[in-house]
Amino acid sequence: MAPPNQLCLVLVIFLSIFSLSSLPTNAIIPKANVSLPVPSSQLVENLCNCKAVENRRFCLKALSTPKIIAVVDTTQLGTLIMKLGAASAKATLNALKALNCCVEAYKYAILSFEMVSSELVEDPQTANYDVAVIGPEIANCEKELINAKLQAPRLLAGNRFMKYYVSMGYGITSTLELENPKEY
């Protein structure tokens, strides 16, 4: 067991530290003119709580990455926010490119289906080909949606239905071609 003098010394040191800890920090540490960096969580909280931010919840979620938590000043935080904004804009642009590809595929499908219906009687073989080439256009639309990681249930359902119509169109034009063989 420790001698009584050592126990008293440890007790005095402990009580001194404990009594100082109840004082405000500026009584223990003199004020310096150097401002300490605000912890990132506080930087993020301050930003996400400001009136200019429309969606506090989104702000907090978007700024909860380890890289952002490590920032020590407002400029670093701003730089990272701008990088996140640019990445989001690029992802949206990729989605729009995929959608544009699908718009073109569907315009092509409309024109082709309309053209095929006029070819059914006169030239089933050409009608058969024209309906068959719609499929790859729709497949390209699907591929672009997948590459852009775009979740568009209505478009995916439309693509599935389009494949069904293409297969039905191909089936009927094949039947017509067999029923009305044309010599070339």
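User: Let's start with Lys163. Where is it found?
Analyst: Lys163 is found in helix α9. Helices here are DSSP runs of H or I with at least four residues, strands are E runs of at least two, and numbering starts at the N terminus.

User: Is Lys163 buried, partly exposed or exposed?
Analyst: Lys163 is partly exposed, with a relative accessible area of 40%. Buried means under 20% relative accessible area, exposed means over 50%, and partly exposed is in between, using a 1.4 Å probe and protein chains only.

User: What separates Lys163 and Ala132?
Analyst: Their C-alpha atoms are separated by 9.9 Å, and along the chain Lys163 and Ala132 are 31 residues apart.

User: What kind of model is this, and how are things counted?
Analyst: This is a predicted model: local features need pLDDT of at least 70, side-chain atom pairs count only at pLDDT 80 or more, and totals for chains, interfaces and linings use all residues. Residues are numbered from 1 along each chain as its sequence is written, and side-chain values use heavy atoms, leaving out hydrogens and water.

User: Back to α9. What is its span?
Analyst: The 27 residues of α9 should span 39 Å at 1.5 Å a residue, and its end C-alpha atoms are 39 Å apart, so the two agree. The expected span is 1.5 Å times one less than the number of residues.

User: Which residues of α9 are buried?
Analyst: They are Ala157, Gly158, Asn159, Met162, Val166, Gly169, Thr173 and Leu176.

User: And what do those pack against?
Analyst: The buried residues of α9 pack against α6, α7 (124–132) and α8. Contact means heavy atoms within 4.5 Å.

User: What about Glu142 in α8?
Analyst: Glu142 sits in helix α8, residues 134–147. Glu142 is buried, at 19% relative accessible area. Leaving aside residues up to four places away in sequence, Glu142 touches Asn159 and Lys163.

User: How many aromatic pairs are there?
Analyst: The count comes to one aromatic pair. Phe161 and Tyr164 form it, tilted, at 6.3 Å centre to centre and 50 degrees between the planes. Rings of Phe, Tyr and Trp (its six-membered ring) pair if their centres lie within 6.5 Å; planes under 30 degrees apart are stacked, over 60 edge-to-face, the rest tilted.

User: How far apart are Phe161 and Tyr164 in the helix?
Analyst: About one helical turn, because they are three residues apart in α9. Phe161 is partly exposed at 39%, and Tyr164 is partly exposed at 44%.

User: New topic. What is phi of Lys149?
Analyst: Phi of Lys149 is near 55 degrees, a positive value in a residue other than glycine. Most residues other than glycine have a negative phi. Lys149 is found in the loop between α8 and α9. Lys149 is exposed, with a relative accessible area of 72%.

User: How many helices and strands are in the chain?
Analyst: Nine helices and zero strands. Of the 184 residues of the chain, 22% count as buried.
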